[in-house]
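Here's a quick tour of the contacts in this model, first inside one chain and then between chains. Have the structure open while you read.

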Amino acid sequence: MKNGEKKEMKQVKTGKKESGKKESGKKIEAQGKNQIKKQSFEVDQRSVYKCVQCGTCRSVCPVFEVVGWESANTRGRMLIIKSLLEGRDPDSDVLSSLATCTTCGICAEKCPAGANPPKVVEAARAELVKQGVVGEGQAKLNATLTKFGNSFGETKSRLHWLSEAERSEIPKKADYVYFVGCFDSYRYPEFAKKTFEVLRKFGVTLLQDERCCASPLLRTGFLESAEKIMEHNLEELRKTGAHTIITGCAGCYTTLKNDYPDEFRVISVPEFLAEHLEELPLKKLDLTVSYHDPCHLGRHNEIYDEPRKVIRAICELKEMKNIRENSRCCGGGGGVRIGYPEISLDLAKKRLEDVPEGVDYLVTSCPLCVRNLRDAGGDVEVLDLIELVALALE
Amino acid sequence: MTVNADVIDELREIVGKRVSVSPSELYCYSSDASQVRGLPDYVLRPLNTEEVSRIVRLAYEREIPVTVRGAGTGLAGGAVPVKGGIVLDMSGMDRIVELDIDNIQVVVEPGVIQDKLNEALKPLGFFFPPNPGSSAMCTIGGMIAYNASGMRCVKYGTTRNYVRDLEVVLADGKVIHTGSRMLKSAAGYDLTQLMVGSEGTLGIITKASLKIAPLPKTRKLVMAAFESAELAGKAVVKTFSSGVVPSACEILDRVSLKVLKRYDPNLVLPAEGDVILFEVDGTENSAREAAAQVMEVCSGLALTLKLAESEEEMTKIWAARRLVGAAVSRLDPTKSRIYVGEDVGVPMKQIPKLLEKVQEISEEFELPAMKYGHIGDGNLHVALFIDVLKEDEWARLNAAADKIHRTAIELGGTVSSEHGVGAARGQYMELQWGPAFGVMRTIKNALDPKGILNPGKLGL
């Protein structure tokens with residue numbers, strides 16, 4: 001990436017934090033829901049018109065690569081949003097155009113004009129929700145999350161992976177809290193267990209009643225539902241007295257860091273591990289692995305070096321074809337896995353084509369990426385970073 | 001145009017699900033990177049020549065306009081269906097059919113992306129030299145249809161110089177080949193060259209045989225700052241006269257330099273002056289010799305002079321130069337670059353004059369303008385910026401662009417050097433060409449009597 005573009009990325013991010021993302025989080029707490037929507041849309045309107053339709057994003061949009069229609073690439077989406085701003089009624093294809101964006105952010109990374117299409121798409125989705133234009137998958141997601149507090153409709157405790165005795169030992173107060181997330185709670189409890197085993201030695205606690213971080217709702221435009229669930233989590237977080245939240249899910253990470261108020265330091269498991277490498281009795285493994293950058297950890301938050309540092313402390317790292325800012329999306333984000341599973345899997349298959357020859361594992365640090373890349377098949381086993389760390393701690 | 005259910009059925013018979021009449025989809029095909037707008041009635045994504053031929057035959061019978069589109073990166077509305085009808089999205093025809101290295105040529109379908117072709121050629125030690133700024137996303141078909149080029153054309157020529165043969169679907173659906181794989185031919189009219197730059201008004205390109213070139217072993221860059229644009233121009237003329245043909249010869253005017261420096265004082269560009277970037281390529285010895293020659297020519301004329309030989313240093317300089325289109329927006333996020341009046345060209349010696357005139361226009365209409373371009377071939381890019389939410393700025397923008405176009409013609413130049421005419425510059429064709437434009441009309445009428453191929457373009 002060019003220097004200037006990088007700077008612009010940072011400016012956009014800073015801008016969001018100051019006037020959009022962070023403030024919207026604060027407004028959840030202090031001023032009520034309507035202001036969040038209005039404000040974010042106003043910010044994005046300027047961003048919509050920043051797009052001069054040069055087509056740079058078209059050449060990198062992973063969804064377009066597998067779908068082929070202009071409406072399925074970033075420029076098409078920006079055009080459709082422009083048309084809505086100018087008064088055109090949303091039809092069903094508006095929905096499918098906007099809903100197929102994984103919000104991977106590679107378009108924002110490459111945009112010479114400094115537009116931030118994922119944010120525009122999210123704002124437009126919120127507007128559509130307001131107008132009642134909602135896809136079946138999204139409606140179901142909203143209903144499930146609102147009712148069960150998780151995206152899977154699970155009714156058992158989020159801490160089912162701990163024994164009764166272990167649960168009773170969870171400290172009520174601590175400086176650090178491990179935010180587990182829906183995926184690790186219900187689909188990969190072994191990740192949660194392994195993560196907590198490492199973290200508890202550093203005095204880390206768990207929330208008594210964690211709910212979904214609200215990322216799926218925020219990405220798909222259900223701001224009102226998101227607000228309620230975020231308020232609940234905030235109360236739970238405050239109860240622990242923690243100053244730092246640690247999470248192993250890229251989706252939870254970006255949400256907690258950028259959509260919640262600035263009350264807590266938010267770090268990812270790779271960051272925490274990289275910070276405490278010397279305190280971990282890791283042994284070297286005779287393995288060569290590759291690493292997939294989750295979009296919401298990498299491009300959205302610039303966490304590139306920490307997971308690599310952890311991997312290199314354990315074994316050899318052989319990079320994928322496209323990495324860091326240029327990493328290709330696994331297809332799991334932005335509600336696409338739920339709404340358009342075929343497209344989502346096609347993206348994952350494409351991403352697996354980037355895996356180099358001769359690696360033992362493909363490592364990533366997001367359970368959603370793990371899930372999608374595993375579902376796509378492929379010859380290489382996919383591991384979460386914590387699994388690799390656990391292997392090195394055995 | 002009105003959408004006809006029979007037509008949709010017939011089109012579906014040809015391309016199956018690869019036809020759309022969805023309002024949202026049509027909207028996405030109603031523009032390119034220019035300000036031209038026009039809604040199609042049908043969008044189709046053909047995958048082979050036969051499908052294209054059948055579609056065009058149907059369009060010919062029903063007299064439906066057909067507009068061809070590649071990646072839609074054009075800056076003149078060439079791919080915009082201003083008269084409605086069918087848009088043919090050729091990006092699915094993206095196969096590199098043959099890398100015929102023994103004959104130093106390739107055969108490609110029109111939807112191949114320029115960078116992808118070069119990615120395939122690089123390991124073989126070759127490249128396809130025309131390199132527009134949009135090479136990461138533009139298609140070869142679009143490059144041929146608009147005779148695209150880029151900063152290296154000063155040495156390597158434009159797309160036109162690389163096309164040997166085209167497979168073309170004519171207005172009635174007939175398929176012809178315009179040339180051969182021969183290096184030369186003295187038999188008959190050169191239909192290949194007629195098709196290059198014809199902007200989809202004479203036929204639809206479905207395959208192309210292209211000459212390629214060996215990759216240069218190395219490149220070097222001389223960056224020189226001059227007290228005035230006139231002196232910079234003089235240095236360029238002297239460089240060519242000394243026998244050096246740079247592989248790029250770019251100018252960045254002093255106003256643009258100031259903006260860039262304000263945006264980022266650490267950019268690796270001179271502190272002041274009108275800047276010329278001379279790139280030379282070849283073998284290590286020939287490039288070193290050429291760079292030394294450029295340094296010698298410029299030494300008596302330039303304020304500052306710098307030779308960059310490492311890849312890293314050259315990359316930094318080019319990256320700084322590329323910021324020119326975006327720096328204004330980054331200094332003031334309410335300002336967007338709008339592509340109008342952006343591609344004029346004049347005889348090389350007139351570049352300083354054109355720079356001066358454009359600066360006057362920028363001041364007259366109170367619009368920030370960045371000026372940069374390929375001084376080696378007389379092509380000046382003007383980047384104008386406005387707040388797109390303010391209507392009066394649009395009016396001033398269009399007036400400024402009109403004046404820039406007329407100025408270029410007055411200086412003996414052209415309204416477009418490498419982006420094309422499309423619907424954005426058609427009104428200047430008569431003025432630029434005089435009676436020759438009548439000949440163009442005659443050719444158009446002969447090849448497309450019903451006027452279905454990209455109507456409303458080239459001023460025709």
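This is a predicted model, so let's start with one side-chain pair: A:Arg328 and A:Glu65 form a salt bridge, with N to O at 2.6 Å. Two salt bridges are counted between domain 1 and domain 3 of chain A. On the domain 1 side, the elements giving two or more residues are helices H1 (3-30), H3 (62-67), H5 (92-99) and H6 (106-110) of chain A. H3(A) gives the most, with five residues. By type, that side of domain 1 splits into twelve nonpolar, five polar and seven charged residues.

As for where the domains lie, chain A is assigned domain 1 (3-133), domain 2 (145-275) and domain 3 (279-393). The contact between domains 1 and 3 draws 24 residues from domain 1 and 20 residues from domain 3.

Now for the two chains. B:Arg69 and A:Glu70 pair up in a salt bridge, N to O at 3.6 Å, and one salt bridge is found across the interface of chain B and chain A. On the chain B side, strand S1 (19-20), helix H2 (23-28) and strand S16 (336-338) each supply at least two residues. H2(B) has the largest share, five residues. That side of chain B divides into 17 nonpolar, eleven polar and 13 charged residues. In all, 41 residues of chain B are in contact with 33 residues of chain A.

Here are the interfaces in figures:

| Interface | Buried area | Carbon and sulfur part | Polar contacts |
|---|---|---|---|
| Domain 1 and domain 3 of chain A | about 1800 Å² | 55% | eight residue pairs |
| Chain B and chain A | about 3000 Å² | 51% | eleven residue pairs |

How values were computed
Residues numbered from 1 in each chain as written. Chains lettered and ligands numbered in written order. Predicted model: local features only at pLDDT ≥ 70, side-chain atom pairs only at ≥ 80, totals over all residues. Heavy atoms only, no water. Domains from an automatic or database assignment. Contact = heavy atoms within 4.5 Å. Buried area = accessible area lost by both parts, 1.4 Å probe. Salt bridge = Lys/Arg side-chain N within 4 Å of Asp/Glu carboxyl O. Polar contact = N/O pair within 3.5 Å; in protein donor to acceptor, adjacent residues only side chain to side chain. Helix = DSSP H or I, 4+ residues; strand = E, 2+ residues; numbered from the N terminus. Nonpolar A, V, L, I, M, F, W, Y, C, P; charged D, E, K, R; others polar.
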